[in-house]
Amino acid sequence: MTKLITLLNGPNLNLLGKRQPEIYGRETLEDVVAAVTALAGDLGLSVAAVQSNHEGALVDAIQAARETSAGIIINPGAYSHTSVAILDALNTFEGPVLEVHISNIHKREAFRHHSFVSSRAEGVIAGFGTEGYLLALRRMATLVGG
Ligand code: CA2
């Protein structure tokens, strides 16, 4: 059986490709999920993608991943900078966690420079655009053994 990777996207990332293309690019979230799913097939993995604008729904998805998934790739959006609840949920997950930011959060406002999730993540990708999700998946295949 192929290993399942949960791909989580947080608040406002449903607007990818529809607003602020100068920061977040022109690809929609549907494009990103399709590209990640296609690459996962090549790597012998499968992907369950969840996007939510709600912190508790993201916590629920992380808890569900405990039962189903070998790894988590997460772009927590603005919750990166605020959410102890998401960090606590990730700390209950036993597999690898990779954090993705489309923009380079370190080149932006100071309040974006700290992410609670980074202290749990095996790796962090920031500023590689939506390609960062694909890079994270390649690393995930190494970590879980695709
Ligand atoms: O760079 C990233 O991926 C972020 O996680 C995106 C978050 C931001 O709060 C983080 O600091 C960095 C914002 C996501 C908003 O997504 C949009 C996408 C398209 C149009 C408008 C918002």
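Select the charged side chains to begin: the 11 positive and 14 negative charges of the chain have mean positions 5 Å apart. Lys and Arg count as positive and Asp and Glu as negative, leaving out His and the chain ends; each charge is placed at NZ of Lys, CZ of Arg, CG of Asp or CD of Glu.

This is a predicted model, in which local features need pLDDT of at least 70 and side-chain atom pairs count only at pLDDT 80 or more, while totals for chains, interfaces and linings use all residues. Residues are numbered from 1 along each chain as its sequence is written, and side-chain values use heavy atoms, without hydrogens and water.

Next, switch to a cartoon view. The chain has five helices and five strands, in the order β-α-α-β-α-β-α-β-β-α. Both are DSSP runs numbered from the N terminus: helices are H or I with at least four residues, strands E with at least two.

With the C-alpha trace shown, the span along the principal axes is about 40 × 30 × 25 Å. Of the 146 residues, 45% are buried (under 20% relative accessible area; exposed is over 50%, partly exposed in between; 1.4 Å probe, protein chains only).

Now select Ser 69, in the loop between helix 3 (55-68) and strand 3 (71-75). Ser 69 counts as buried because its relative accessibility is 12%. Show Thr 6 as well: its side chain makes a polar contact with that of Ser 69, at 2.6 Å (a pair of N or O atoms within 3.5 Å; within protein, one must be able to donate a hydrogen and the other to accept it, and residues adjacent in sequence count only if both atoms are side-chain atoms).
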